[in-house]
Amino acid sequence: MLGLRTAARTHLTSLPLRRSSAALLQKQPLISNLRFPLRSSSSIRMSSSDSSSHSNPNQIIEHIVLFNVKPSADLSAVNAMISNLNGLISLESVLHISAGPISRCRSKSLAFTHMLHSRYRSKSDLVSYSEHPSHVSVVTSYVKPIVDDIMAVDWIADDFSGSPAVSPDSALRLTILKLKEGAGEGGKGEVLGVLKGIREKFPSIEQLTVGENFSPARAKGFSICSIAVFNGRNELDELDAQSELANEQKDKVREFLDGVLVLDYAVAAPVQAATL
């Protein structure tokens, strides 16, 4: 359960960003040989409110892509993937982008090695990024050959404050939840409410966004998303020390959950992308 901005630190430990990387929100040509469902830009559900988000400074679109790099992948190929994904910050629609290795993955059933986090002002900007030839080229040339699994989620962050660009050396905690089939709207509302209240209980969180995934094709059934930003790794570690309070929050929503994925990620300084 967590948020965003210059340091990631608060998520329920067992429920358990400055422009710098790009995601795999792609159409069918991308990663076509991977063993998981792909999402086209048409699967991003547009709404009448989307056009107004261009002029709404208090709303951003969060985009997360999780990768599992093949154990056999050469280190130089992995570094090239990271560098070229981060280089997509040059695209006009991208407010922030950061890609790199995951520092810790807490999941009993899913394993991911790398993460991409990016932000946009609107869903249409996210589509523009997804369909841009540079993004397609990076995915085809640098991601597809070395990745064997992927998961992606997108959500709208309302009432967003602060800079959409997450500073280098910040720490993030990403929490993605899968609701039980019988949770209903009441259970979903309870989970969202607890997540949104996390920042009040953990003031070390610099930014926190919470929302419902609107792109289900590559989400593996997970639907509730949260990302917390901390000033650095120390602040994130301090969060883990508050286990009693974290467990208290977790217990409030445990009955509605069928799966929990919690990841920690450190935002690295931007690296110039290689020439495509």
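**Figure 1. Asp264 and its salt-bridge partner.** D264 is buried, its relative accessible area being 1%. The model shown here and in the other views is a predicted one. The side chain of D264 forms a salt bridge with that of R104, with an N to O distance of 3.0 Å. D264 belongs to strand β8 and R104 to strand β2, and the pair links distant parts of the chain, 160 residues apart. A network of salt bridges links R104 and D264 with R173, R233 and D237.

**Figure 2. The salt bridge between Asp149 and Lys220.** The closest N and O atoms of D149 and K220 are 3.1 Å apart, and the two residues form a salt bridge. D149 is in strand β4, whereas K220 is in the loop between β6 (207-212) and β7 (224-230), so the bridge ties together parts that are 71 residues apart in sequence. D149 has a relative accessible area of 17% and is buried. K220, with 29%, is partly exposed.

**Figure 3. The salt bridge between Asp251 and Arg254.** The side chains of D251 and R254 meet in a salt bridge, 2.5 Å from N to O. D251 counts as partly exposed, at 46% relative accessibility. R254 also counts as partly exposed, at 44%. In the whole structure, a search finds nine salt bridges.

**Figure 4. Ala266 in strand β8.** A266 is found in β8, the strand of residues 257-266. The relative accessible area of A266 is 45%, so A266 is partly exposed. Between A266 and A99 the C-alpha to C-alpha distance is 9.5 Å, while the two are 167 residues apart in sequence.

**Figure 5. Helix α1 and what covers it.** Helix α1 has twelve residues, 75-86. At 1.5 Å a residue these should span 16 Å, and the end C-alpha atoms are 17 Å apart, which agrees. The buried residues of α1 are V78, M81, I82, S83, N84, L85 and N86. The elements that cover these buried residues include the strands β1 (60-69), β2 (96-106), β3 (114-120) and β4 (147-157), as well as helix α3 (133-143).

**Figure 6. The nonpolar cores.** The largest nonpolar core has 25 residues. Those with the most contacts inside this core are F67, M81, L85, L116 and Y129. Two or more residues come from each of β1, α1, β2, β3, α2 (123-131), α3 and β4. Another core, of 22 residues, lies apart from the largest one, and W155, L174, C225 and V267 are among its residues.

**Figure 7. The packing of α2 against α3.** Two packed helices are described by the angle between their axes and the distance between the axes. The axes of α2 and α3 come within 5 Å and cross at roughly 55°. That angle makes α2 oblique to α3. On the α2 side the contact is made by Y129, S130 and E131, and on the α3 side by P133, H135 and V136. Y129 is also one of the residues with the most contacts inside the largest nonpolar core.

Terms used. Residues numbered from 1 in each chain as written. Predicted model: local features only at pLDDT ≥ 70, side-chain atom pairs only at ≥ 80, totals over all residues. Heavy atoms only, no water. Helix = DSSP H or I, 4+ residues; strand = E, 2+ residues; numbered from the N terminus. Expected span 1.5 Å × (residues − 1). Buried < 20%, exposed > 50% of the residue type's maximum accessible area, 1.4 Å probe, protein only. Contact = heavy atoms within 4.5 Å. Core = buried A, V, L, I, M, F, W, Y, C linked by side-chain atoms within 4.5 Å. Salt bridge = Lys/Arg side-chain N within 4 Å of Asp/Glu carboxyl O. Axes fitted to C-alpha atoms, helices over the stretch in contact; angles between N-to-C directions. Parallel < 35°, antiparallel > 145°, perpendicular 65-115°, else oblique.
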